[in-house]
Each structure stands twice: as structure tokens, then as C-alpha cells.
Amino acid sequence: MPADVSLASGKSEIFEIVLRFLPDWIQHVVLVLILLAVVASWVLKLKRKLAHRRAVRQGGPAVVPTTPHQGSGADHLGAYAPQQQAARQPSGADFLGPYAPQHRPTVQQPAPPVAAPQPSGADFLGSYAPPRAPGDAAR
């Protein structure tokens, strides 16, 4: 195999070129951070594997959640949490305060009396009014 052929991939060559332009102390910090990231991923992988084995051994679910449920801010309100309403969804009118329309109980009201029809301009035409049809006298 010839000595001038590089076995490194293109990504690693680019990484080395970028690192060469950085000062030495930054090169060391970057390499240590990369090393820590690799070791941390191995530790997490091992931890998940052990938790999975324990769950299977104890007869629990084979799938162990990787992150516990954090909850939301509303889960921690305690006595300050809004009360649950049974059947009614709140609407915009619930927030009107004194400007909200008053709710009155619905009671069957008698129909208002029918008033006499108001006179119109045709009632004052006199002799100029068109002749009425025989069945039109009630209007």
C-alpha cells in the first residue's frame, strides 16, 4: 500500500484542518469536550441497557422510558389551580364581568296582544286610491 494514500475520511480531514487553525488551548478544550461527549453517550447507553434488563427480570414492561414525564406548570398549581367544570365549557361571556348580559330564567310569557295595523300612506289617498279587489277589504 503506498504511503501517500490517506485512510482518513473526508470529514476527519476537514476536522483536522479546522483544528490546526485554532490556538493550542482551544484545540485541547475541543478534544476534551468531544471525548466527554463520547464517554457520556456510552454511560447513558449502559444505564438504559441495565434498566431494561432489570425491568425484564422483574416482569415489568420491556420498554423503559428514557426521560420521565416532567409535567407542566399547571400540574404544580395546587390550591391555585382552576376548578374543573363538569359539563359547561367557558365562553367569552364568562369574562365580561358586570358587562355580561343578565341570565333570566326562561318562563313562558303570553304572546303580546296584536295591535291594530298602523295606517300607511295608501290609507290617505282618498279618491286617488286604486280600486280594491272583492276579497281585499279586510286589509
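One salt bridge: that is the count for this structure, and the model is a predicted one. Which side chains meet in it? Those of Glu-16 and Arg-20, at 3.8 Å from N to O. Both residues lie in helix 1, which covers residues 10–20. They sit four residues apart, about one turn of the helix. Glu-16 has 40% relative accessibility, so it counts as partly exposed. Arg-20 is at 62%, and therefore counts as exposed.

Next, helix 2. This one runs over residues 24–57. Look at the nonpolar patch on the surface. Its members are Phe-15, Leu-31, Ile-34, Leu-35, Val-38, Val-39, Trp-42 and Val-43. Together they have about 730 Å² of accessible area. Where does the largest share come from? Helix 2, with seven residues. Take Leu-35 as one of them. Leu-35 is found in helix 2. Is Leu-35 buried or exposed? Exposed, because its relative accessible area is 55%, and the cut-off for exposed is over 50%.

Now the record. An unreviewed UniProt entry carries the annotation "transmembrane region" for residues 25–44. In the model, that span is 100% helix and 0% strand. Its end C-alpha atoms lie 29 Å apart.

Last, charge. Which residues gather in the patch of positive charge on the surface? Lys-45, Lys-49, Arg-53, Arg-54 and Arg-57. Pick out Arg-57. Arg-57 is found in helix 2. With a relative accessible area of 65%, Arg-57 is exposed.

To recap: one salt bridge, a nonpolar patch with its largest share from helix 2, and a patch of positive charge that includes Arg-57.

How values were computed
Residues numbered from 1 in each chain as written. Predicted model: local features only at pLDDT ≥ 70, side-chain atom pairs only at ≥ 80, totals over all residues. Heavy atoms only, no water. Patch = residues over 30% accessible without salt bridge, like charges linked within 9 Å, V, L, I, M, F, W, Y side chains within 5 Å. Areas by Shrake-Rupley, 256 points an atom, 1.4 Å probe, with all protein chains shown as cover. Salt bridge = Lys/Arg side-chain N within 4 Å of Asp/Glu carboxyl O. Helix = DSSP H or I, 4+ residues; strand = E, 2+ residues; numbered from the N terminus. Buried < 20%, exposed > 50% of the residue type's maximum accessible area, 1.4 Å probe, protein only. UniProt positions renumbered as here; feature names shortened; annotations may be inferred. Lys, Arg positive; Asp, Glu negative; His and termini not counted. Charge placed at Lys NZ, Arg CZ, Asp CG, Glu CD.
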